[in-house]
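Biologist: I've got a structure open and I'd like to learn how to read it. Could you take me through it feature by feature?

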Amino acid sequence: MSELIAAIATPPGTGGVGILRLSGPGAARTAAQVFRPKGTRDLTQAPDRQLLYGSLTDQTGQVIDTGLAFVSRAPHSYTGEETAELQCHGSPMVLSLMLDALCAAGARLARPGEFTQRAFLNGKLDLTQAEAVIDLIDAETPAAARQAAGQLNGALSRRIEGIYQGLTDIMAHFCAVLDYPDEDIDPFRTQTLLEDLTNQQAALDALLATGQRGRRLAHGISCVLIGRPNAGKSSLLNALAGYDRAIVTQIPGTTRDTLEVTLELGGYPFRLVDTAGLRESEDPIEQLGVARSRDAMAQADLLLLVCDGTQPLTEEDHALLVQATDQADTILVANKSDLPGYHSPLPPACQGAHALTTVALSAKTGLGLDELESALARLAEKNLPQAGAAAAGELLTNQRQTEAVSQAVQAVGRACQALAAGFTPDAVLTDVESAMAALGELTGKTIREDITRRIFERFCVGK
């Protein structure tokens, strides 16, 4: 039997409302020891999810606040266990005294993510839905929130389950063949099974292809600002962010490290990365900054090459532009359009394999920022579904999910090759089982303690 756990569920600090949660055997009875309802009905006798108003007490029985309380009995609760919730004013002292009272009454402090972990262990959520909980808490854009909400509601789980059931049907047939070896698979049936396996492999390939989009949706499209020192990269980052995230001076080389800011532009989530100016330097600290700039550039989804529009493009600018368009879609940002002598530079005729767009703007005055935002949105549309798309919730959003699906893809591929080559059914069955095990690990049907521990360590206490 699980222990009774308690935690403060609201963030640290002062707030208008504070919440404490309990889950486990005796949750209602323990909560009733610190809650005195104003009416005649005791908390333990209250209907599920019916709010009662009353006084809240510390472990000595002294009233310290007034608030609300309710219970949810198993299995109709978030964790699948008996739960109780106490709501009071968001005073850290009041919450601390009440938590002490609950622990004195028999509860223990919950570990990070333990409420959601119990929901998973009790079958209220699968592992992808549990991961969606923390993704929803951490969501920084509407698109990321919609994706997490869809995943929490089971969109990804249903997509995985469809593939899992298809593989189950195939495995059932091969198990029957092994159980009845005299019943050979006729050539027509072999072709049908191969088609079924191929269809499941295509479904897995399509699911695996969502991993990059899901990562971008959850963490933002990586958009790295590059260019020579004093081109205005930090000023542009501040202008797009709407506040002074980066230090701006007239001294070249002020930015020594990468700086990040996450925001929404044109309906898409972006993770803007400001970098040190790219130039040769004898300064060892600046050299480290340049190396980090090049690392960020290599990992970028999009690149903003910022140049000083009051000066002609140098050979260094041209070389950097070719390098950038070899790696990712690039926007050539001709900055400082507010200064005398400005002219929007013409890019060289020969660039790399990716798209190139030129935008003229002034990071100082904001003129042209709307055009840049539109250009970013057009490029982002290639990487992400439109905000509010029907696929919301069906994307893989982390490395664990991507690796599990990748293992399933490889296993089904081996099964297809084995069946086409005429291998015995047991060889095919082994690979189909491996694919199902990988998908089971994805949803939590196949539980590995180290994986679940890593997942729930990301959570805050009280969730």
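Modeller: pLDDT is the predictor's confidence in each residue, from 0 to 100, and contact means heavy atoms within 4.5 Å. This is a predicted model, where local features need pLDDT of at least 70, side-chain atom pairs count only at pLDDT 80 or more, and totals for chains, interfaces and linings use all residues. Residues are numbered from 1 along each chain as its sequence is written, and side-chain values use heavy atoms, with hydrogens and water left out.

Biologist: Where does pLDDT stay under 50?

Modeller: Over residues 251–256, for which the model has 20 contacts beyond four places in sequence. For the chain, the mean pLDDT is 83, and 84% of the residues reach 70 or more.

Biologist: Okay, now the overall build. How many helices and strands does the chain have?

Modeller: Helices (H or I, at least four residues) and strands (E, at least two) are DSSP runs, numbered from the N terminus. Here they come to 14 helices and 13 strands. Among contacts with a separation of 6 or more, 69% are between residues 24 or more positions apart.

Biologist: And what share of the residues is buried?

Modeller: Buried means under 20% relative accessible area, exposed means over 50%, and partly exposed is in between (1.4 Å probe, protein chains only). Of the 463 residues in the chain, 48% are buried. As for the surface, accessible areas come from the Shrake-Rupley method with a 1.4 Å probe, and for residues only the protein chains shown count as cover. The accessible surface is about 21400 Å², with 53% of that belonging to carbon and sulfur atoms.

Biologist: Let's do rings. How is a pair of aromatic rings described?

Modeller: By the distance of the centres and the angle of the planes. Rings of Phe, Tyr and Trp (its six-membered ring) pair if their centres lie within 6.5 Å; planes under 30 degrees apart are stacked, over 60 edge-to-face, and the rest tilted. A search of the whole structure turns up one such pair. That is Phe120 with Phe456, a tilted pair at 6.3 Å centre to centre and 35 degrees between the planes. Phe120 belongs to helix H3 (residues 114–121) and Phe456 to helix H14 (residues 449–457), so the pair ties together parts that are 336 residues apart in sequence.

Biologist: Are those two buried or exposed?

Modeller: Both Phe120 and Phe456 are buried.

Biologist: What about a charge over a ring?

Modeller: We call it that if NZ of Lys or CZ of Arg is within 6 Å of the ring centre and within 35 degrees of the ring normal. The charged end of Lys445 sits over the ring of Tyr164, 3.8 Å from its centre. Lys463 does this over the face of Tyr78, 4.3 Å from the ring centre.

Biologist: Next, how many salt bridges does the structure hold?

Modeller: The general idea is that side chains of opposite charge can pair when their charged atoms come close. A salt bridge is a side-chain nitrogen of Lys or Arg within 4 Å of a carboxyl oxygen of Asp or Glu, and the structure holds 15. One of them joins Arg108 and Glu3 (2.9 Å, N to O). Arg108 is in strand E7 (residues 108–109) and Glu3 in the segment before strand E1 (5–8), so this pair ties together parts that are 105 residues apart in sequence.

Biologist: Which residue does Glu131 form a salt bridge with?

Modeller: Glu131 pairs with Arg400, the closest N and O atoms being 2.9 Å apart. Since Glu131 is in helix H4 (residues 127–138) and Arg400 in helix H12 (residues 399–420), the pair ties together parts that are 269 residues apart in sequence. Glu131 counts as buried at 2% relative accessibility, and Arg400 counts as buried at 14%. Elsewhere, salt bridges that share partners join Glu3, Glu81, Arg108, Arg111, Glu114 and Arg118 into one network.

Biologist: Last one: what should I look for in the backbone?

Modeller: Most residues other than glycine have a negative phi, and most peptide bonds are trans. Here a cis peptide bond joins Ala74 and Pro75, with omega about 0 degrees. Pro75 is in the loop between strand E5 (63–72) and strand E6 (83–90). Arg49, although not a glycine, has a positive phi of about 60 degrees; Arg49 is in the loop between strand E3 (35–37) and strand E4 (52–57). Lys336 is not a glycine either, and has a positive phi of about 70 degrees.
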